[in-house]
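Please read them with the coordinates open beside you.

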Amino acid sequence: MLGFVTSLRHPLNSTDYARVEALLRGTLTSWSRQDTATWLGVVVGNRKPSFDLPPQVVFVEVDFEPPSPLQGPRTGIPAVLRDKGTKLAVGLNVAQQSGASHVMFVDADDFVSKRIASFVSGDGDAPGWTVTHGWRYNAERRAVREHAGDFHLNCGSSHIVRADLFPSPELTTNPSQDDLYVGYGDKLERWIGSHMHIHDDLALADLPFHGALYQVGTTEAHSGNSLGGWTRPISKALGSEFGVPPTGGSPRRLIKAVLPSRSALRHLSTRFRKALDE
């Protein structure tokens with residue numbers, strides 16, 4: 001059984017916390033669209049969401065301090081590793097105790113393929129898989145771009161790992177962040193808070209399909225990445241797979257989805273003119 005685990009940023013480190021909750025709702029929708037019932041979900045945060053969670057998802061509240069005094073989402077890598085890492089560690093422990101065979105950490109604004117849970121159920125002894133091929137997604141444009149080969153180095157929603165390969169420390173009911181660092185050691189930041197190392201450390205297999213949709217341009221993301229330039233519309237099949245609305249067939253929708261923005265076109269034009277002058 002696959003356990004999805006996500007964390008919510010501290011309300012202080014948010015531009016608009018209502019927007020954070022709205023993004024979470026979309027993520028949970030993609031979990032709930034799994035084509036098998038053999039999955040569970042864990043959400044960890046400082047404040048319980050204001051909406052009802054799906055039946056298979058539990059919320060775990062923590063009272064961790066804000067990772068940074070800075071107002072807003074971009075608090076710096078050390079702060080992210082500590083806050084996100086400790087919250088995901090709490091969720092990992094809950095998933096392990098709940099009998100999950102594998103765990104997938106999912107950023108609370110991303111979407112996963114509806115095939116993932118059934119794929120994991122078909123090979124419960126495998127060490128795990130890495131989403132090396134996925135999609136970048138902009139909700140406002142209703143557009144995507146394929147990201148192939150190194151998707152896992154850009155998106156945190158990219159690893160499915162057998163639960164017993166993680167440390168399993170004995171924790172108190174409400175562990176502190178220091179307790180979690182002691183229990184998980186260097187794995188807390190290297191494997192849990194970060195998505196850069198675990199694929200190579202555990203020699204995970206590549207997931208044989210596009211497993212995640214990485215949402216960019218939300219203003220609430222740590223990375224601040226966007227989806228500029230030429231893209232492709234979202235088909236009904238792709239929308240159904242990840243639980244996002246398709247682009248639709250109107251000319252206005254298609255143009256907005258596919259073509260770069262006016263500012264992007266002006267930027268490209270300026271670069272082209274400079275290149276001609278050199």
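1. Buried residues make up 50% of the 278 residues in the chain, where buried means under 20% relative accessible area, exposed over 50% and partly exposed in between, with a 1.4 Å probe and protein chains only. The model is a predicted one, in which local features need pLDDT of at least 70 and side-chain atom pairs count only at pLDDT 80 or more, while totals for chains, interfaces and linings use all residues. Residues are numbered from 1 along each chain as its sequence is written, and side-chain values use heavy atoms, with hydrogens and water left out.

2. The chain holds nine helices and twelve strands, these being DSSP runs numbered from the N terminus (helices H or I, at least four residues; strands E, at least two). Of the contacts in the chain with a separation of 6 or more, 75% are between residues 24 or more positions apart, a contact being heavy atoms within 4.5 Å.

3. Seven strands make up an open sheet of mixed pairing, in the order 3-2-1-4-9-6-10; two strands pair if DSSP finds at least two bridges between them. The edges are taken by strand 3 (57-61) and strand 10 (205-206), each of which has a single partner strand, so one side of each is left without a neighbour in the sheet.

4. Within this sheet, strand 1 and strand 2 run parallel and are joined by six bridges, and Phe-4 stands opposite Gly-41 in strand 2. Strand 4 (residues 102-105) and strand 9 run antiparallel, with three bridges between them; here the bridge partner of His-102 is Arg-162 in strand 9.

5. How many of the seven residues of strand 2 are buried? Seven of the seven are, so strand 2 is largely enclosed by the rest of the structure. In a regular strand the side chains alternate between the two faces of the sheet. In strand 2, Trp-39, Gly-41, Val-43 and Gly-45 point one way and Leu-40, Val-42 and Val-44 the other way, and all are buried.

6. Helix 1 (residues 17-32) lies across strand 1 (2-7), strand 2 (39-45) and strand 3, running at about 165° to strand 2, whereas helix 2 (residues 77-97) lies across strand 1, strand 2, strand 3 and strand 4, at about 155° to strand 1. For these angles, axes are lines fitted to C-alpha atoms, for helices over the stretch in contact, and the angles run from 0 to 180 degrees between N-to-C directions.

7. Rings of Phe, Tyr and Trp (its six-membered ring) are taken to pair if their centres lie within 6.5 Å, with planes under 30 degrees apart counting as stacked, over 60 as edge-to-face and the rest as tilted. By this rule the count comes to eight aromatic pairs. In one of them, the ring centres of Phe-151 and Tyr-214 are 6.4 Å apart and the planes stand at 85°, so the pair is edge-to-face. Phe-151 lies in the loop between strand 8 (143-147) and strand 9 (159-162) and Tyr-214 in strand 11 (residues 212-215), so the pair ties together parts that are 63 residues apart in sequence.

8. Side chains of opposite charge can pair when their charged atoms come close. There are seven salt bridges in the structure, each a side-chain nitrogen of Lys or Arg within 4 Å of a carboxyl oxygen of Asp or Glu. One of them joins Arg-115 and Glu-241 (2.9 Å, N to O). Arg-115 lies in the loop between strand 5 (111-112) and helix 3 (116-121) and Glu-241 in helix 7 (residues 236-242), so this pair ties together parts that are 126 residues apart in sequence. Arg-115 is partly exposed at 35% relative accessibility, whereas Glu-241, at 16%, counts as buried.

9. Arg-115 also lies over the face of Phe-209, at 4.3 Å from the ring centre; a charge sits over a ring if NZ of Lys or CZ of Arg is within 6 Å of the ring centre and within 35 degrees of the ring normal. Lys-187 likewise lies over the face of Trp-191, at 5.0 Å from the ring centre, and forms a salt bridge with Asp-186, the closest N and O atoms being 3.5 Å apart.
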